[in-house]
Amino acid sequence: MEGTQDMIYNLKILKPLQKNNIAVFFLKTSKINSQSYTNLNKGLYENKVGIQEYDDTGYRDLLRVKNLSNQNLLLLNGEQIIGHKIKQNRVVASTSLIEKNSEGLIKVSCGEKNRWSALTNEEIGTSDSMFFSRQTLHKQNLSWRQIDNYLDQNSIKSITKDSSIVYKKNKNAVDNIVESFKPDESVIGLAVGNHYGITSLDVFSNPLLFKHYYKKILRSYVVANLSNNKKIINLNEQDVNIFLENVYIAEKRKIINLKGHYGEKYSLQSKKIVGNILYDKTIVVHFTALLKNDLNEFPDKNKTRKVA
């Protein structure tokens with residue numbers, strides 16, 4: 001875990017940028033790793049990545065991923081996989097690397113609880129926004145409750161209870177806010193806060209990875225705060241440092257890799273945060289910490305559920 005501590009120690013927290021009820025602190029470091037990875041958007045567009053159900057029956061919390069590229073494939077916790085090639089939309093439950101030129105399994109959460117049928121077309125893709133409640137990804141009932149809440153708050157009627165529709169309906173308003181936050185080319189992470197204080201933090205190994213994901217992350221945060229009218233109270237760099245202290249003291253548990261995975265993963269939990277860290281050897285590819293809100297991301301049993 002020394003790589004994470006070293007990364008945190010070398011972070012430079014920039015002055016906050018604020019728009020409406022959201023404050024963003026961009027993060028820099030003097031230690032940047034140039035290791036590159038492919039991603040879902042690029043891989044699907046170039047037909048170098050394939051996604052399908054585990055088998056003909058399907059498992060709610062597993063998908064099969066083929067990585068035909070010559071780079072390891074990075075999947076970020078909260079990425080929404082959407083389309084009718086799979087039986088329902090899913091959300092990546094844990095940041096993972098799928099080894100190059102291989103096939104693997106990934107843990108997912110359900111993002112569309114009232115559909116369990118694939119169509120004959122091959123439509124598959126990713127949403128331009130992360131899931132708006134990444135803290136709940138290992139607690140399916142809580143995720144479903146959050147989806148219901150956001151659909152209701154935005155007066156959206158969705159027969160299949162599709163979480164990705166929330167961003168689509170609010171795209172113009174959300175993107176207008178996101179475009180207010182413009183990082184320079186050397187930024188590798190961001191901390192985001194509202195009236196509660198700092199509530200999420202994501203750090204990547206290099207600026208290229210950050211550039212690909214940061215708008216998706218911010219969009220999900222804006223979506224989650226659209227109905228929040230409470231004012232921010234003077235957040236500053238010290239608030240980010242206090243939040244980072246929770247990463248230092250968090251209980252860390254190694255996650256056993258599924259088939260086809262590369263690198264090492266750890267879950268984080270303290271009294272205030274949950275999160276995870278992904279390593280490529282000694283490189284911290286990505287780590288995230290999220291305000292816990294009294295959620296428990298370490299269930300005693302996390303069984304894979306087969307859908308009949």
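Predicted model: local features only at pLDDT ≥ 70, side-chain atom pairs only at ≥ 80, totals over all residues.
Trainee: With which residue does Lys259 form a salt bridge?

Mentor: Side chains of opposite charge can pair when their charged atoms come close. Lys259 pairs with Glu103, the closest N and O atoms being 3.9 Å apart (a salt bridge is a side-chain nitrogen of Lys or Arg within 4 Å of a carboxyl oxygen of Asp or Glu). Because Lys259 lies in the loop between strand E15 (251–255) and strand E16 (264–269), and Glu103 in strand E11 (residues 102–110), the pair ties together parts 156 residues apart in sequence (strands, E, of at least two residues and helices, H or I, of at least four are DSSP runs numbered from the N terminus). Lys259 is partly exposed, at 49%. Salt bridges with shared partners join Arg64, Glu103 and Lys259 into one network.

Trainee: How many salt bridges does the structure hold?

Mentor: The structure holds 17 salt bridges. One of them joins Lys28 to Asp184, with the closest N and O atoms 2.6 Å apart. This pair links distant parts of the chain, as Lys28 is in strand E3 and Asp184 in the loop between H5 and E13. Lys28 counts as buried at 19% relative accessibility, whereas Asp184 is partly exposed at 40%. In another salt bridge, the side chains of Arg253 and Glu251 meet at 3.0 Å, N to O.

Trainee: Which residues touch the most other members of the largest nonpolar core?

Mentor: A nonpolar core is a set of buried Ala, Val, Leu, Ile, Met, Phe, Trp, Tyr and Cys residues joined through side-chain atoms within 4.5 Å. Here the largest has 39 residues, and Val24, Leu74, Leu190 and Leu218 touch the most other members. Elements that each supply at least two residues include strand E3 (22–29), helix H3 (140–153) and helix H6 (207–224). H6 gives the most, with nine residues.

Trainee: What is Leu218 in contact with, leaving aside its neighbours within four places in sequence?

Mentor: Leu218 is in contact with Val24, Val178, Phe181, Leu190 and Val192, once those neighbours are set aside (contact means heavy atoms within 4.5 Å). A second, separate core has 27 residues, among them Leu244, Val247, Ala250 and Tyr266.

Methods: Residues numbered from 1 in each chain as written. Heavy atoms only, no water. Buried < 20%, exposed > 50% of the residue type's maximum accessible area, 1.4 Å probe, protein only.
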